[in-house]
Amino acid sequence: GEWPYRDFFDFVTPGTELLYAALFHWIGVALWIPNLIMCFIATLTTLWVTWCARRLLTGDFVLLPGLLVTGFVLAGSFDATHHWFSTLFAMAAVAILFDDISASRVLAAGALSGLTASFTQSKGAAVVSGILIYLWLKSQYRPAKCGFRMRATQFCVAAIAVFAIVNLPFAAAAGLHRWYADLIVFPLRYFGSVSANNWHVMALEFTEKRGVLKWVCLPFLYLAVPLSYLWVFVEAWKRREKEYEKRWDQLVLLALVGGAMLMVVAPSLSMRRISCVSPPAMILLVWLLSRRGKLWRISARGLAAVSAALALAQAATAQLHRADQLDLPAGRVAIADAGNAEVYRWMARRTQRGQWYFGMPPYTLP
């Protein structure tokens, strides 16, 4: 019976809470549910990346973006939070517009963008901006096929309608002023006041991460993702009058939506955040490398091989590493880090189900 914004503070739109509340209601509170959801997210992301790659690449290059996702991208963000949920809906909106911008497709993309904003409001705003720019560019190059005002109106109406359906009950319960203060004012003014939520997080993560994550995944993501988006914009600008093909529409759409999502998380660019905005960049990176010389094409295959090896190594390490096994109220759990396991054991002895406590949110569900 408690509502976010009215009864307790939250600074993200409620899509994630609604999804998990529905799953817990239907299945029961169990620790395996978020893990299973993350498996679905990883699978859907890899399938989406491969689906896009089939329309842009040929031969074995079609498989490379998906392989880059399995290792480099998932290594630092293997948890089913609003970051991934909003990215999934954003990727679905891109897929809808990949081949055409008919009225039905634009309306569907708008609805999916509204869902994106219902999981992460800032990312939703970025996706809406990126797609509107894309629709405007289409209207400039092919005015007979696309009237910008009509398509933009259809897109925005669908996005606002879906966002309102999900969020208005919460805004009505808390009051518009409180809802606006939590979701708009707080993120703009105070979110970056903690080191984990501003530019210091990059240095912190480099200090805290160890091994492959520190020396392979972090440098790759921090370099490859922004450079891929920027590189495509430069290539598209250079060819704007020489070569206009259908694939340039698709490439620019990927770069606009992915780049917009990256700009939103750039002030607090942690590994988790950059991973969740990187799937479009993996497609663009492979496409860019595949168009270069033989050495560049070999490097693309080499990166994919390293990523696949990293994914397999992570799975093997998780299974072979000795973990503490605890019986917690939400189920049996294996915890690799001994210090972390001790904290969970301490919490289990001193808290009861449904009891309020002051501490780290990740301990709530277990």
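The model is predicted: local features need pLDDT of at least 70, side-chain atom pairs count only at pLDDT 80 or more, and totals for chains, interfaces and linings use all residues. Residues are numbered from 1 along each chain as its sequence is written, and side-chain values use heavy atoms, with hydrogens and water left out. Helices are DSSP runs of H or I with at least four residues, and strands are runs of E with at least two, numbered from the N terminus.

**Helices α2 and α3**

- Helix α2 spans residues 32-56 and helix α3 spans residues 64-73.
- Their axes come within 8 Å and cross at roughly 155°. (Axes are lines fitted to C-alpha atoms, for helices over the stretch in contact, and angles run from 0 to 180 degrees between N-to-C directions.)
- α2 and α3 are therefore roughly antiparallel. (Angles over 145 degrees count as roughly antiparallel, under 35 as roughly parallel, 65 to 115 as roughly perpendicular, and the rest as oblique.)
- On the α2 side, T45, T46, V49, T50 and A53 make the contact; on the α3 side, P65, G66, V69 and T70 do. (Contact means heavy atoms within 4.5 Å.)
- The residues of this contact are four nonpolar, five polar and no charged. (Ala, Val, Leu, Ile, Met, Phe, Trp, Tyr, Cys and Pro count as nonpolar; Asp, Glu, Lys and Arg as charged; the others, Gly among them, as polar.)

**Helices α4 and α5**

- Helix α4 covers residues 82-97 and helix α5 covers residues 103-119.
- Their axes come within 8 Å and cross at roughly 170°.
- α4 and α5 are therefore roughly antiparallel too.
- Residues of α4 including F85, F89 and I96 meet residues of α5 including V106, L112 and F119.
- By class, this contact has 14 nonpolar, four polar and one charged residues.

**Cysteines**

- The whole structure has zero disulfides. (A disulfide is a pair of cysteine sulfur atoms within 2.5 Å.)
- For C39, the nearest cysteine sulfur belongs to C276, 15 Å away.
- C39 is partly exposed, at 40% relative accessibility. (Buried means under 20% relative accessible area, exposed over 50%, partly exposed in between, with a 1.4 Å probe and protein chains only.)
- For C276, the nearest cysteine sulfur is that of C217, 14 Å away.
- C276 is buried, with a relative accessible area of 0%.

**Leucine L137**

- L137 lies in helix α6, residues 121-141.
- At 25% relative accessibility, L137 is partly exposed.
- Leaving aside neighbours within four places in sequence, L137 is in contact with V252 and L256.
- L137 and R178 are 41 residues apart in sequence and 38 Å apart in space, C-alpha to C-alpha.
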